[in-house]
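The sequence and coordinates are shown first.

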Amino acid sequence: MFALKRTLAKPSRSILWKSLHTLPELTYSYDALVPIISKDIMELHHMKYHKTYVTNLNEIEKKMKEALSKQDVNEVARLTPYLKFNGGGHINHCIFWKNLSPEGGDPSEELCEAFTRDFGDFRGFKKELQTLANGIHGGGWAWLGYNRGYKRLELVALENQDPLEGTTGLVPLLGIDVFEHAYHLQYSNRRSQYVEKIFEIINWEDVSERYKEACTREPPAPLTFQRSD
Ligand SMILES: [Fe+2]
């Protein structure tokens with residue numbers, strides 16, 4: 001009786017610090033993107049890499065909350081790059097899985113018009129994005145994003161798992177993962193082949209929907225802090 005009363009009055013730490021982030025289910029099977037992306041790559045990518053980002057993110061958030069509660073600024077600074085890497089890894093892969101589809105499809109009329117406006121045409125956009133993706137040193141992502149301030153599409157290459165919106169303010173529409181874990185088992189060192197073939201399984205319905213939604217969002221408010229001078 002006493003034990004029950006104590007449990008109700010004071011939840012255990014495991015309940016207080018329960019995981020907030022979870023590995024999302026894919027909407028297609030691991031072999032659905034064959035022959036562009038093999039089943040082995042999809043299993044490894046989703047069940048090992050993405051899952052590890054989620055596990056680490058939850059652990060880092062727990063440590064971050066403890067550090068913030070103690071106003072331990074040194075510990076917060078020590079944890080911050082790990083939060084960015086694993087949090088970015090989770091955000092990026094959640095977008096990536098939805099950006100892909102065995103059905104492929106075509107961009108919406110509005111998105112096609114934006115490609116023409118900002119890159120000359122779709123081929124111009126594709127060539128620029130592929131050049132960016134092939135040029136990234138080491139692991140990283142090539143992104144199509146929407147600049148809410150200038151109301152235009154932009155392409156950005158980011159290293160590591162830096163999240164596009166948190167790093168640049170651009171709204172992510174389409175990301176190409178060029179970490180070796182995304183293609184090396186199937187394409188070996190031929191990243192450019194992977195970057196070419198992935199265009200056959202881009203879920204343009206998802207990208208078009210992200211563009212439509214991004215156009216309705218206000219630009220981010222600038223971060224303003226007091227200056228000492
Ligand atoms: Fe990845």
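In which helix is the place of Ala133? Ala133 belongs to helix α6, residues 122-135; helices (H or I, at least four residues) and strands (E, at least two) are DSSP runs, numbered from the N terminus. The structure is a predicted model, in which local features need pLDDT of at least 70 and side-chain atom pairs count only at pLDDT 80 or more, while totals for chains, interfaces and linings use all residues. Residue numbers start from 1 along each chain as its sequence is written.

**Surroundings of Ala133**

Ala133 is buried, with 24 other C-beta atoms within 10 Å. A residue is buried if 20 or more other C-beta atoms lie within 10 Å of its own, exposed if 12 or fewer, and partly exposed in between, with C-beta atoms placed from the backbone. Beyond its neighbours within four places in sequence, Ala133 contacts Ala142, Ile176, Val178 and Val195; a contact requires C-beta atoms, placed from the backbone, to lie within 7 Å. The C-alpha atom of Ala133 is separated by 8.3 Å from that of Asp177, 44 residues apart along the chain.

| Helix | Residues | Residues in the contact |
|---|---|---|
| α5 | 109-119 | Glu110, Leu111, Ala114 |
| α10 | 204-214 | Val207, Ser208, Tyr211, Lys212 |

The residues of this contact divide into 4 nonpolar, 1 polar and 2 charged. Here Ala, Val, Leu, Ile, Met, Phe, Trp, Tyr, Cys and Pro count as nonpolar, Asp, Glu, Lys and Arg as charged, and the others, Gly among them, as polar. The axes of α5 and α10 come within 9 Å and cross at roughly 75 degrees. The two helices are therefore roughly perpendicular to each other, a term covering angles of 65 to 115 degrees.

**Overall model**

The protein has 10 helices and 3 strands, and its C-alpha trace spans about 70 × 55 × 30 Å along its principal axes. Of its 229 residues, 27% count as buried. The mean pLDDT (the predictor's confidence in each residue, from 0 to 100) is 92, and 92% of residues reach 70 or more. Over residues 1-12, however, the pLDDT is below 50, and this stretch has 1 contact in the model beyond near neighbours in sequence.

An unreviewed UniProt entry lists residues 107-210 as "domain: Manganese/iron superoxide dismutase C-terminal". That span is 46% helix and 22% strand, and its end C-alpha atoms lie 11 Å apart.

Note on methods
Axes are lines fitted to C-alpha atoms, for helices over the stretch in contact, and angles run from 0 to 180 degrees between N-to-C directions. Angles under 35 degrees count as roughly parallel, over 145 as roughly antiparallel, 65 to 115 as roughly perpendicular and the rest as oblique. Two residues are in contact if their C-beta atoms, placed from the backbone, lie within 7 Å. UniProt positions are given in the numbering used here, feature names are shortened, and annotations may be inferred rather than shown by experiment.
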